[in-house]
Structure formats: C-alpha cells, structure tokens
Amino acid sequence: MHPRGFTLLEVMLTIAILGSIFLLSARGLSALQRSFAAQAVDREITSIVSTAARRARIGTHGSAWGVYIPYDNLSRSATTVTVFSGTSYATRDTAYDQIYTINDAAKFTSVDFSGVATNTGNDHEITFGLLTGATAQYGSVVIEWYGQTRTITIDADGFAVRSPL
C-alpha cells in the first residue's frame, strides 16, 4: 500500500516557489505602476499647457492665455496649476482662471520657460499669443515622480510634446 498525500517538505518547497514568484512579480508590478502614474502626471501637464495654447489660438475671450505653475522653489512640488486669461499671471483676468489640481508627489525638477533668454530653471509661467498660440517663453518642464523622470517640451509655436512617451 502506497501512502497518499504530500510530505511536509513538498508543501514547504511549493510555498517557497510560489512566494518567490509572487515577490518578483510584485516588484515588477510596482515599477510598472509608478511608470503609468508618471505618464499620467506628464499627460495632465501637457494637456493643461495645450488647453491654454488652444484657447489663445481660437481667441477665447479675445485675449492671450497662459499657464502658471506655483511650485515651491525648495521642495519643487505644486498642488495646483492655473490656466489664465491675459498676457501675464500678474495682470490676468481672474474671472477666467481655471485651476487644476495635480499630485503633489510630482516634483518639478526643472522649469525652463526662458525661450532665447538665459535659463534660470525657476520659471513659473508661460503665455501664448492671441490667435497664434505662439510663445516667446518656449522651453521645457522636467517632472520627477517616484524615480520616474518625464520631460515636456513646449516649442515656439506653443505645441507641447512629452518624452519619453
């Protein structure tokens, strides 16, 4: 007569193998989740910039439009981004402000809206010309989110492109 069932050694070996597989897949899943979340943050910023440029191109409310990113210069984080109507954030028409909430875990490691001027790396706003959407403040925004780095480049015509995609 042959004994049926599993020995304790077989059960422990199976649990160890399954545990190892779970641990490896959890690490990969975590990295994948961070990557997707970083893409979501850069897509959101790209969409916000594109919204302001589009409003300027179509002449919404007969004015230029811009984006203001009020990140803290020390922590490099922000909780909101404002799309505004006007040629600068300081002189904007506050009645048309549209405030977007963003994840404060995203760090704005570099914001360069200097165009051809000297880059200070601490720019906070970009404006787009009425009916053209063009900007003299073209440049880039580098966002870091839990070790993932994304760059958004805004060209002189006011078009925003994300990289890496």
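Reader: Before I dig in, what are the ground rules on numbering and pLDDT?
Author: Residues are numbered from 1 along each chain as its sequence is written. The model is predicted, so to speak of its rules: local features need pLDDT of at least 70, side-chain atom pairs count only at pLDDT 80 or more, totals for chains, interfaces and linings use all residues, and side-chain values use heavy atoms, with hydrogens and water left out.

Reader: OK, which residues touch the most other members of the largest nonpolar core?
Author: Ile 45, Val 67, Phe 108, Phe 128, Val 141, Ile 143 and Ile 154, out of 28 residues in that core. A nonpolar core here is a set of buried Ala, Val, Leu, Ile, Met, Phe, Trp, Tyr and Cys residues joined through side-chain atoms within 4.5 Å. Buried means under 20% relative accessible area, exposed over 50%, and partly exposed in between (1.4 Å probe, protein chains only).

Reader: And which element gives the most to this core?
Author: Helix 1, with 7 residues. Helices (H or I, at least four residues) and strands (E, at least two) are DSSP runs numbered from the N terminus.

Reader: What does Val 67 touch?
Author: Setting aside residues up to four places away in sequence, its partners include Ile 48, Val 49, Ala 52, Val 81 and Phe 128. Contact means heavy atoms within 4.5 Å.

Reader: Switching to the open sheet: what's the strand order?
Author: The order is 3-2-1-5, 4 strands with antiparallel pairing. Two strands pair if DSSP finds at least two bridges between them. Strand 3 and strand 5 stand at the edges with a single partner strand each, so one side of each has no neighbour in the sheet.

Reader: How many bridges between strand 2 and strand 3?
Author: They pair over 5 bridges, in the antiparallel sense. Val 81 stands opposite Tyr 100 in strand 3.

Reader: Now Ser 85, buried or exposed?
Author: Ser 85 counts as buried because its relative accessibility is 4%. Ser 85 lies in strand 2, and its side chain makes a polar contact of 2.5 Å with that of Ser 63. A polar contact is a pair of N or O atoms within 3.5 Å; within protein, one must be able to donate a hydrogen and the other to accept it, and residues adjacent in sequence count only if both atoms are side-chain atoms.
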